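Trainee: Could you show me how to read strand pairing and helix packing in a model?

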Amino acid sequence: MKAEDEQFPLRQTQSVQGDTQLWNWAQNAPLGARQNLYMPASEAELQQRVASHNGKIRVIGSRLAPGRMLNISDDRDLLLDLSQLSGLLAQSDNSVTFAAATPLHEVYQTLTRMGRMLASSPGVIDIQTLAGAMATGTHGQGLQQSSLADEALSIRMVLADGTIREFDRQHPWFGAAQVALGALGVVTAVTLKTIPSQIYTCFKNAVSASTLESDLYDWNQNYALSKAWWFVDDDQMHVWCARTATADEQQTYQLNLGELVKQPDSDSSLNNTIEQTLEHMHNDTQIRGEGGKQFKTVTRFKDFSDVTGDIYQVFCRGIAVPQINVEIGIPLARAAEVISRIKSWYARHHPHMHYPIILRCTGPSTAWLSPAYQQATCFFGFVVYYADDGTLSEEGCHFLREVEKLLAQAGGRPHWGKYYHQPLYQWQQVYPQWNAFRDVRRQLDPSGKFSNHYLAQLFD
């Protein structure tokens, strides 16, 4: 990869003594000078600092997002670390309130101890902060739910003048606050709706992709939760479909002391496909041997078996590895058409496949800037992992660029917390509430205090 390619930046792999820059988690973008980092000890201290600050302000969260979303460019600007504003603040029979910087794994562990869960399915990893995951539209899988932000009952925010504003579901601007990209204010607490914890049995299968256009709808209509990996080179699918566990399955789970139950019978029918994928990944990353977290993301598909567990044990099983991740949401009604177009494009060009295409579908979202706003959506996910020297496969990135063009032409909406090429999208055409969000932003932050170059390009 060329160093000047801003769309897919190279990683910084060598530590530099005395480095004064703060980097994002992937180490592929500087966020600003370390001296510009500020960690308030309380909400009151945060209010005072925000009100008195004259430069730009960005909240860094867990720093998982692309650097352009988080960075600042001036010595007068401020990077906010809210890690002191973390933990459970309140609970009721049907809700919980967490401080904004609470890591998702802590949210999920707390809910599990309560015998509760969120109605939304989790994303694959859980090191994000609650507010950061909501702000970027983080989602799981299943048509009976949508994004994490859709489980919010109220969102507490420090505005540009230091005042506190609460947005609940009755507020006309609640849809703007749900997925706000950090552009409206600093979220300090979120109240989430909870439901009784449920146990699921997840059935895993390897099937042909020849009928994927219709199978995708069947999986999502017939099961509460479904996720699939499309190995295009081999015309194979690895599919997870989960339903509520039967009484016998729940009893087995309880006898296993609440740990994930794996069925003893395993299926090796995908092993050859996995070996081929691993070979591509080894060639692309120039990493040999079995080491490396990126390889574990596919080796676990070998000798797979059905499992029973709670929703977090079954689906929140991702491995955080530095990568370029592109994910585009397509209206579910057009998913079959897009799958057919990808098949035709692949047959013509045989692009290099670094990793299987990940397919997850959700129900409609009420968040104005959610890629699933007002429509059931199929998310197409694409990954290219970094090599140890911080470079990326040229062929893998070429595939990302070309497939994103195809999806954007089909009315796709990109996941905000991942990588996308902004010129491909006409925001006002794909987001009905785009201008309404801009109006709310102007009213809550008239001077653009919570902006940076990235947000200015989007909204100004």
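Trainee: Which strand does β13 pair with, and in what sense?

Mentor: Two strands count as paired if DSSP finds at least two bridges between them. Helices (H or I, at least four residues) and strands (E, at least two) are DSSP runs, numbered from the N terminus. Here, in a predicted model, β13 (residues 199–208) runs antiparallel to β15 (residues 236–244), with nine bridges.

Trainee: How many bridges link β14 and β15?

Mentor: Seven, again antiparallel, with β14 covering residues 225–231. S226 sits opposite C241 in β15. Four residues lie between the strands of this hairpin, and D235 there has a positive phi near 55 degrees.

Trainee: Now the helix: which residues of α14 are buried?

Mentor: Buried means under 20% relative accessible area, exposed over 50%, and partly exposed in between (1.4 Å probe, protein chains only). In α14 (residues 434–444), the buried ones are W434, F437, R438, V440, R441 and L444. They are on the same side of α14 because they cover an arc of only 160 degrees around the axis, taken from the directions from the helix axis to the C-beta atoms.

Trainee: What do they pack against?

Mentor: Contact means heavy atoms within 4.5 Å. The buried residues of α14 pack against β10 (164–168), α5 (174–178), α13 (427–430) and α15 (453–459).

Technical notes. Residues numbered from 1 in each chain as written. Predicted model: local features only at pLDDT ≥ 70, side-chain atom pairs only at ≥ 80, totals over all residues. Heavy atoms only, no water.
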